[in-house]
Amino acid sequence: MASTQGKSSVALPTARQAEATRHTTISIRERRFFRRYWLYIIAIPILALMVLPYFYLFVQSFAPWDQVNTAFIPTTFTLRSYEWIWTGGGYGLPQPWVQAFLNSMLVTLVDSVSVVALGAIVGYALSVLHFRGQRAINNFILFQMFYPAIILLVPTFLIIRVTGLYNTYWAMIIPRLVNLWAIFMYTSFFRSVSPELIEAARIDGASELSIIFRIMLPIARSITTVIFLFVFMERWTELLWDLIVVKDPSTQTLNVLLTTLFGPYGSFPGPLYAAATLLTFPILVLFLAFSRNFVQGVQLVLR
Amino acid sequence: MAITSLRQGNRGAFRKSAQGWLLSSPYLIFAVIFFLIPLVWSLFLVFQQWDLIAPTPVFVGFANIKEALTSVRVWQAFLVTYKFMLLFIPTVMVSSLGLALIVHNLPRFKPLFAVGFFLPYLASGVVTSLVVRGVLSYNSAFETFLRTTFGVTPDWLNNGTSATIVVTLMIVWKFAGYWALIFLAGLQGIPTDFYEAAALDGANAWTRFWRITLPLLYPALYTVLILAVGLTFSIFTEPFVLTNGGPQMATQTWQLEIYYQAFNLFRAGYGATVALLNAIATLVSILIIRSIVEAWGRHNGWN
């Protein structure tokens, strides 16, 4: 084998040598290929496993109702589940599926934008401004981050009750306007921005707020993408808080509506699959659209 | 910056201080309303009984604490949470490290697989529960397959052990790819010279992993471990939607029990008490696990 390797560049081999060379060169190439790419035999099935539930969800949402769940992939496809969702179908009581989707969107968008904006402002103050008490506030944020939030659940609920905000959009939006992790991320990131840049802007007469929004945030594009995506996703899929704080179905988020109807629709889950697809795919699409920025941002964050 | 303050004297420092506090105010206001006030209120609630309907709470002294410490339900919730911890933590650590190793060693398309493995994190727990319930339902393609091929009809969700395993696997599926990113960053930080030197000394892949990779992943291991422990104490959505804590409290996590007491039975004071116990248990568990992991880290050369 070693001898034929070296001889492949020698001109005019004999017929037998030529045939022998052809066989051994191919199998060497094959062997090299296998050694380099064998990991994909494991990686691809795992990838399929990760994506399978989304696939199942999507496919089942188009399944005719007598085949939902009984057939892994249905024989025919129908829009009946989606029609049900769109027309607000329900056993006797119409269900506000589409309204719930819009509620989710409203609450999530407002909170995500707020988290980024307020996070950048506070992060700027806690990193660049160097004022007395800055360190104390930073330490307090760390303390709050590691404090078990579960203790706060009942009293925060009571605050909502007592202020009359129970069952309103405010109850869902206000407690999530600020996110500690976002502040923490912006604080660390802004520390790495060169102070001369900021000082130059100040000398030019820029106000602190315009520095934040015209200079700092554009520099922080990657990390802002990561923060926004994560916060958006967490808010969109939040259950516990939205569940306890709103009881009127037309104000509930789609996630909560799906939960309350999970049992009642147990025996005919078709519409649930359609609603769940409606709940899931915006996030997937949003995320995949920004996946490159996300990967860059994550690498930045983890360094 | 120093020059500006020198020129303006104390006025500059004061202005900067005012600016700092002003720009931090979104966080400060938020922390007072949604952290400090609930924190203090929760300590009062522990000694009160309030069903949210009566105009004022009733002072009951240590009754809540006594009841919580002797309640069968609370101990069951405690056991369930620790059961999840024992099942979930090793599984998720091995899985996410495994996924990271796979992505790290893939010759091409690394970002594709990194993002692909991350996708489960985007799914709402309600959606995953819907899919799991569908796949495990009696007439599903999967169950029918099991019946015809193996003749068994496991009732996954009505058996305490299998229900726990199903919920654990669902949560592992969700988080493994996300935490793999943390391990991935850690792996990328290990200089390849170490491996080359070890290979020269005759170390095989197994040894290289245990003696080089794992110890050098200490920061990542620490982070993921703390995240995993914190997560275990707040598992809510999947057991709530899929099994509602059943069968017979086999999956009634602590968070679920707090929800039940405070929001189903309207016992705000008692709910707050159980939450306080949970918080204490969380802190104690984290401290214990931290000291074990830190000892391992020190043994391997980290300080």
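Predicted model: local features only at pLDDT ≥ 70, side-chain atom pairs only at ≥ 80, totals over all residues.
**Helix α9 of chain A**

I then listed the buried residues of α9(A): A:A182, A:I183, A:M185, A:Y186, A:T187, A:F189 and A:F190.

**Chain A overall**

I looked up the secondary structure of chain A and found 16 helices and zero strands. Chain A has 303 residues, of which 39% count as buried. I also checked how far apart in sequence its contacts reach. Of the contacts in chain A with a separation of 6 or more, 71% are between residues 24 or more positions apart.

**Where chain A touches chain B**

I counted 69 residues of chain A in contact with 68 residues of chain B. Which helix gives the most to the chain A side? It is helix α3, residues 40–61, with nine residues. By residue class, I noted 51 nonpolar, 13 polar and five charged residues on the side of chain A that touches chain B.

**The largest nonpolar core**

I next looked at the largest nonpolar core, which has 156 residues. The residues with the most contacts inside this core are A:L258, A:A275, B:W179, B:A180 and B:F183. Helix α8(B) supplies the largest share of the core, 16 residues. As a general note, nonpolar side chains tend to be buried together in soluble globular proteins.

I took B:A180 for a closer look. With neighbours within four places in sequence left aside, B:A180 is in contact with B:S96, B:L99, B:A100, B:V103 and B:F117.

**Helix α11 of chain B**

I repeated the length check on helix α11 of chain B, residues 218–232. Its 15 residues reach 21 Å from first C-alpha to last, close to the 21 Å expected at 1.5 Å a residue. The buried residues of α11(B) are B:A220, B:L221, B:V224, B:A228 and B:T232. Do they lie on the same side of the helix or on opposite sides? They are on the same side of α11(B), because they cover an arc of only 95° around the axis. I looked for what they pack against and found α4 (72–105) and α8 (160–188) of chain B.

B:T223 is also in helix α11 of chain B. I scored B:T223 as partly exposed because it has 17 C-beta neighbours inside 10 Å, and a buried residue needs 20 or more. From B:T223 to B:L36 I noted 187 residues in sequence and 27 Å in space, C-alpha to C-alpha.

**Domains of chain B**

The domain assignment of chain B gives domain 1 as 2–45 and domain 2 as 71–299. I noted 38 Å between the centres of these two domains, taken over C-alpha atoms.

**Positive phi in two loops of chain B**

I checked two residues other than glycine for phi. B:F109 has a positive phi, near 65°, and lies in the loop between α4 and α5 (110–118) of chain B. B:F109 counts as partly exposed, with 13 C-beta neighbours inside 10 Å.

B:Q248 likewise has a positive phi, near 55°. I found B:Q248 in the loop between α12 (237–243) and α13 (254–264) of chain B. Is B:Q248 buried or exposed? B:Q248 is exposed, because 10 other C-beta atoms lie within 10 Å and the cut-off for exposed is 12 or fewer.

Technical notes. Residues numbered from 1 in each chain as written. Chains lettered and ligands numbered in written order. Contact = placed C-beta atoms within 7 Å. Helix = DSSP H or I, 4+ residues; strand = E, 2+ residues; numbered from the N terminus. Nonpolar A, V, L, I, M, F, W, Y, C, P; charged D, E, K, R; others polar. Domains from an automatic or database assignment. Expected span 1.5 Å × (residues − 1). Arc of directions from axis to C-beta. Core = buried A, V, L, I, M, F, W, Y, C linked by C-beta atoms within 7 Å.
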